Amino acid sequence: MQVDGRCHCGYVTFEAVIDPAQVSICHCTDCQMLTGSAFRVTAMARSEDVPQTANLPKLYTKTGANGRPRLQYFCPECGSPMFTTGEGKDAALWGIRVGVIRQRASLAPSRQSWCRSALAWVTDIGKLPGTETE
Ligand SMILES: [Zn+2]
Ligand SMILES: [Zn+2]
């Protein structure tokens, strides 16, 4: 599926090809901290379909629970998380943060990981009173 998107300020824009069947939620504590939110949603792309960006995102490398580096790309101007990949064979796949994909409304996740660190209230937010706008 061809997608496109941008960070919040528009400095980083991209086009990519993702697999809509490979959209997942991650509840790990790194994703919670790196997003400033409860969990992260990511769509996967093969490296040959690597996101094409006009301006280059900034790179922060974290070490995953498996001891391997995870490259975290984000906009240097507004901080929006954009992409992730790894090194060596881990570089075969790229993840694109679903929140920066324009077509995100049609990219429902099909699995979730690191459920042991999921915030206990996450599964109950559908019951909260809500408003159409702020
Ligand atoms: Zn930006
Ligand atoms: Zn995670």
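Ile101 touches Val3, Asp4, Gly5, Phe14, Ala43, Ile96 and Leu107, leaving out residues up to four places away in sequence. The model behind this contact list is predicted.

**The nonpolar core**

Ile101 also belongs to the largest nonpolar core, which holds 21 residues. Which members touch the most other members? They are Phe14, Ile18, Met82, Phe83, Ile96 and Ile101. Strand 2 (13–17), strand 4, strand 7, strand 8 (81–86) and strand 9 (93–97) each supply at least two of its residues.

One open sheet has three strands in the order 1-2-5, with antiparallel pairing. Strand 1 and strand 5 stand at its edges. Each has a single partner strand, so one side of each lacks a neighbour in the sheet.

Strand 1 and strand 2 run antiparallel and are joined by five bridges. Within this pair, Gly5 has Phe14 in strand 2 as its bridge partner. Phe14 is also among the core residues named above, and Ile101 touches both Gly5 and Phe14.

Gln2 lies in strand 1, which spans residues 2–6. Beyond residues up to four places away in sequence, Gln2 touches Glu15, Ala16, Val17 and Gln103. How far apart in space are Gln2 and Ile18? Their C-alpha atoms are 6.6 Å apart, while 16 residues separate them in sequence.

A second open sheet has seven strands in the order 6-7-8-9-4-3-10, and its pairing is mixed. Strand 6 (58–63) and strand 10 (111–113) stand at the edges. Each of these two has a single partner strand, so one of its sides is left without a neighbour in the sheet. From one strand to the next, the twist averages 30°.

Strand 6 and strand 7 (residues 69–74) run antiparallel, joined by six bridges. Thr63 has Pro69 in strand 7 as its bridge partner. Thr61 stands opposite Leu71, again in strand 7. Strand 7 then pairs with strand 8 in the antiparallel sense, over five bridges. There, Tyr73 stands opposite Phe83 in strand 8.

The table sets them side by side.

| Hairpin | Residues between the strands | Glycine in the turn | Phi of the glycine |
|---|---|---|---|
| Strand 6 and strand 7 | five residues | Gly67 | positive, about 85° |
| Strand 7 and strand 8 | six residues | Gly79 | positive, about 85° |

Trp114 has a phi near 55° and is a residue other than glycine. Trp114 is found in the segment after strand 10. With 38% relative accessibility, Trp114 counts as partly exposed.

**The zinc ions**

Which residues coordinate the zinc ion (ligand 1)? The SG atoms of Cys7, Cys9, Cys75 and Cys78 do so, at 2.3 to 2.4 Å. Along the chain these donors follow the spacing C-x1-C-x65-C-x2-C. Why is the arrangement tetrahedral? The four donor atoms subtend angles of 106 to 113° around the zinc ion (ligand 1), which makes it so.

Cys7 counts as buried because its relative accessibility is 1%, under the 20% cut-off. Cys9, at 43%, counts as partly exposed.

The zinc ion (ligand 2) is coordinated by the SG atoms of Cys26, Cys28 and Cys31, at 2.1 to 2.3 Å. The spacing of its donors along the chain is C-x1-C-x2-C. Cys26 is buried, with a relative accessible area of 15%. Cys31 counts as buried too, at 8% relative accessibility.

**A loop residue: Ser47**

Where is Ser47? It sits in the loop between strand 4 (40–46) and strand 5 (52–53).

Is Ser47 buried or partly exposed? With a relative accessible area of 29%, Ser47 is partly exposed. Leaving aside neighbours within four places in sequence, Ser47 is in contact with Ala91, Ala92 and Trp94. Ser47 and Pro20 are 27 residues apart in sequence, and their C-alpha atoms are 16 Å apart in space.

Conventions: Residues numbered from 1 in each chain as written. Chains lettered and ligands numbered in written order. Predicted model: local features only at pLDDT ≥ 70, side-chain atom pairs only at ≥ 80, totals over all residues. Heavy atoms only, no water. Pairing = 2+ DSSP bridges. Helix = DSSP H or I, 4+ residues; strand = E, 2+ residues; numbered from the N terminus. Axes fitted to C-alpha atoms, helices over the stretch in contact; angles between N-to-C directions. Donors = N, O, S within 2.8 Å, 3.2 Å for Na, K, Ca; no water. Tetrahedral: all angles 85-135°; square planar, octahedral: opposite > 155°, others 65-115°. Buried < 20%, exposed > 50% of the residue type's maximum accessible area, 1.4 Å probe, protein only. Contact = heavy atoms within 4.5 Å. Core = buried A, V, L, I, M, F, W, Y, C linked by side-chain atoms within 4.5 Å.
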